[in-house]
Amino acid sequence: MLYEKLSALIAGENTKIELLNLIKITTKVHPFSVEIINDTLSFIPIMIDYHSFESLILLDLAQLIANDDIHKLRRCTNPECVLLFVDRTGRRKWCSMKICGNRHKVEAFAKRKKQAPNEEI
Ligand SMILES: [Zn+2]
């Protein structure tokens, strides 16, 4: 449900109200405690399970909405990848340069090498 709402948001639909309702309901059922760890305010789920993990993601999402940064949410350019990320620079294409970005570079290099096997690339 969350992924579908975020995908719709990236596609241009206004799902902010639905997302805020989801955040409100989920974080009420799976609340946090608060601790200062390494001089940083950290939210610690009361229970450790899948829903607690989801509520941490929703907390980050709530901060994106509150800071009006939700429009920076992007889908990874790799069509086989399902990951979403926050593009803070406006130039990022991949969820991770080490995974999808590097895979793209390797494929592009192999393609160029195949087209011109005797040339220096
Ligand atoms: Zn990716």
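1. Residues 73–113 have their end C-alpha atoms 34 Å apart, and the span is 41% helix and 15% strand (helices being DSSP runs of H or I of at least four residues, strands runs of E of at least two, numbered from the N terminus). UniProt lists this span as "domain: Zinc finger CGNR" in an unreviewed entry; positions follow the numbering used here, feature names are shortened, and annotations may be inferred rather than shown by experiment.

2. A word on the source: this is a predicted model, where local features need pLDDT of at least 70, side-chain atom pairs count only at pLDDT 80 or more, and totals for chains, interfaces and linings use all residues. Residues are numbered from 1 along each chain as its sequence is written.

3. Now the whole chain. It holds 4 helices and 4 strands, in the order α-α-β-β-α-β-β-α from the N terminus. Along the principal axes, its C-alpha atoms fill a box of roughly 60 × 35 × 25 Å.

4. On to a helix pair. Helix α2 (residues 16–29) packs against helix α3 (residues 50–66) at about 140°, with the axes 9 Å apart (axes are lines fitted to C-alpha atoms, for helices over the stretch in contact, and angles run from 0 to 180 degrees between N-to-C directions). The two are therefore oblique to each other (under 35 degrees is roughly parallel, over 145 roughly antiparallel, 65 to 115 roughly perpendicular, and the rest oblique).

5. Residues in this contact include L19 and I23 of α2 and L58 and I65 of α3 (C-beta atoms, placed from the backbone, within 7 Å).

Key
Contact = placed C-beta atoms within 7 Å.
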